[in-house]
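Hi,

Here is the structure we talked about, ready for you to open. My notes on what turned up follow below.

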Amino acid sequence: INAEYMGGSSFTTKDGITRSISDAFVELRNAIDACRRSNPERITLIIPNFFFARQDKKTDSREPISASWVAADLDGNVDRVICLDLHASQIQGMFHRTPVDNLYAMAFVLIPWVRANFPLDNIVMVSPDQGRAKVTKKIATVLGVPMAVIEKIRNYEAANVVEESKVVEGSEILNGKIAIVNDDIIDTAGTMVKACEALIQYGVTKVVVMATHGLLNGQALQRLNQSQCISKIIVTDSVPQEKHLRDCPKLQVIPLADMYAQVISRLSGGYSLSSMFDVH
């Protein structure tokens, strides 16, 4: 920490991980230690993309619950943690001494962008699976638009493989509409592409994909570029997107800087973050 600093509040942010997760976590712990030795009144940790967020439970024997040990390591070593669109909200419960706030990008990114770019009477919000249906319903309610839900049938013998996707709710309202599919993460894009292919069969005129965390691993960019049904992909910069932007002309990135500036401003001024959870 290259500054003379005692008292007051220290805000530590962990940027999106584009290298070894282990290295990134060690760097974070070093930064926290440096802040702590500078004797601040409190340390607030901002993590746009939580470490091992999808390893929140065991799906097979002898598997680690990696999100749990990350939480255990940070718990008590910082005074507050701010996360964004946790893949599993119950990760907040893995912290026992440090309060955790899980903000939602839909309030700051998704809803304003949709309102600015589409006529609301011509869109349908789509959940790519049952797990995202609750969030999608909230977005659709705020926007005053209908929603549809897709069911995915996974191949559990292989990671990130979806054998089939089909619309199980709202299929009768899709014809002639613009479908906006939203999710928290796009990893290898297999699920997303399958979901969008299913929508085309019901007569949608355009498919736009939106996600908070654009990991875009493996063959994700190739799949998205080759997909004839996806016209645009919107993600935030919770993960650095410079390389992805060069390789995918369909990709558009919405920065989170303004949202985090509000977080730091409110906490520094002693104000609650409650209003930032309101979606309107």
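**Around N102**

The side chain of N102 has a polar atom 3.1 Å from the backbone nitrogen of D85. Bear in mind as you look at this that the model is predicted. The N102 side chain also makes a polar contact, at 3.5 Å, with the side chain of Y104. You'll find N102 in strand β4 (residues 100-103), and with a relative accessible area of 2% this residue is buried. If you set aside the neighbours within four places in sequence, N102 touches C83, L84, D85, L86, S89, Q92 and F277.

**The chain as a whole**

There are eight helices and 11 strands in the chain. Of its 280 residues, 48% count as buried. The accessible surface comes to about 13,700 Å², and carbon and sulfur atoms account for 47% of that. Taking contacts between residues at least 6 apart in sequence, 62% of them join residues at least 24 apart.

**Strand β5**

How many of the residues of strand β5 (residues 123-127) are buried? Five of the five, so the rest of the structure largely encloses this strand. In a regular strand, side chains alternate between the two faces of the sheet. Here both faces are covered: I123, M125 and S127 are buried on one side, and V124 and V126 are buried on the other. β5 pairs with strand β8 (residues 178-186) in the parallel sense, over four bridges.

**Aromatic pairs**

I count five aromatic pairs in the structure. One of them is F25 with W69: the ring centres are 5.6 Å apart and the planes sit at 90 degrees, so this is an edge-to-face pair. That pair links distant parts of the chain, since F25 is in helix α1 (residues 21-36) and W69 is in helix α2 (residues 66-74), 44 residues apart. F25 is buried, at 9% relative accessible area, whereas W69 counts as partly exposed at 42%.

W113 and F118 also make an edge-to-face pair, with 5.6 Å from centre to centre and 65 degrees between the planes. Both partners are covered: W113 counts as buried at 10% relative accessibility, and F118 counts as buried at 12%.

Back to F25 and W69 for a moment: ring pairs join these two with F51 and F52 into a cluster.

**Helix α5 and the cysteines**

Helix α5 (residues 190-200) is mostly covered, with eight of its 11 residues buried. Those are G190, T191, M192, V193, A195, C196, A198 and L199. C196 has a relative accessible area of 0%.

Cheers

Note on methods: Residues are numbered from 1 along each chain as its sequence is written. This is a predicted model: local features need pLDDT of at least 70, side-chain atom pairs count only at pLDDT 80 or more; totals for chains, interfaces and linings use all residues. Side-chain values use heavy atoms; hydrogens and water are left out. Rings of Phe, Tyr and Trp (its six-membered ring) pair if their centres lie within 6.5 Å; planes under 30 degrees apart count as stacked, over 60 as edge-to-face and the rest as tilted. Helices (H or I, at least four residues) and strands (E, at least two) are DSSP runs, numbered from the N terminus. Buried means under 20% relative accessible area, exposed over 50%, partly exposed in between (1.4 Å probe, protein chains only). Two strands pair if DSSP finds at least two bridges between them. Contact means heavy atoms within 4.5 Å. Accessible areas come from the Shrake-Rupley method with a 1.4 Å probe; for residues, only the protein chains shown count as cover. A polar contact is a pair of N or O atoms within 3.5 Å; within protein, one must be able to donate a hydrogen and the other to accept it, and residues adjacent in sequence count only if both atoms are side-chain atoms.
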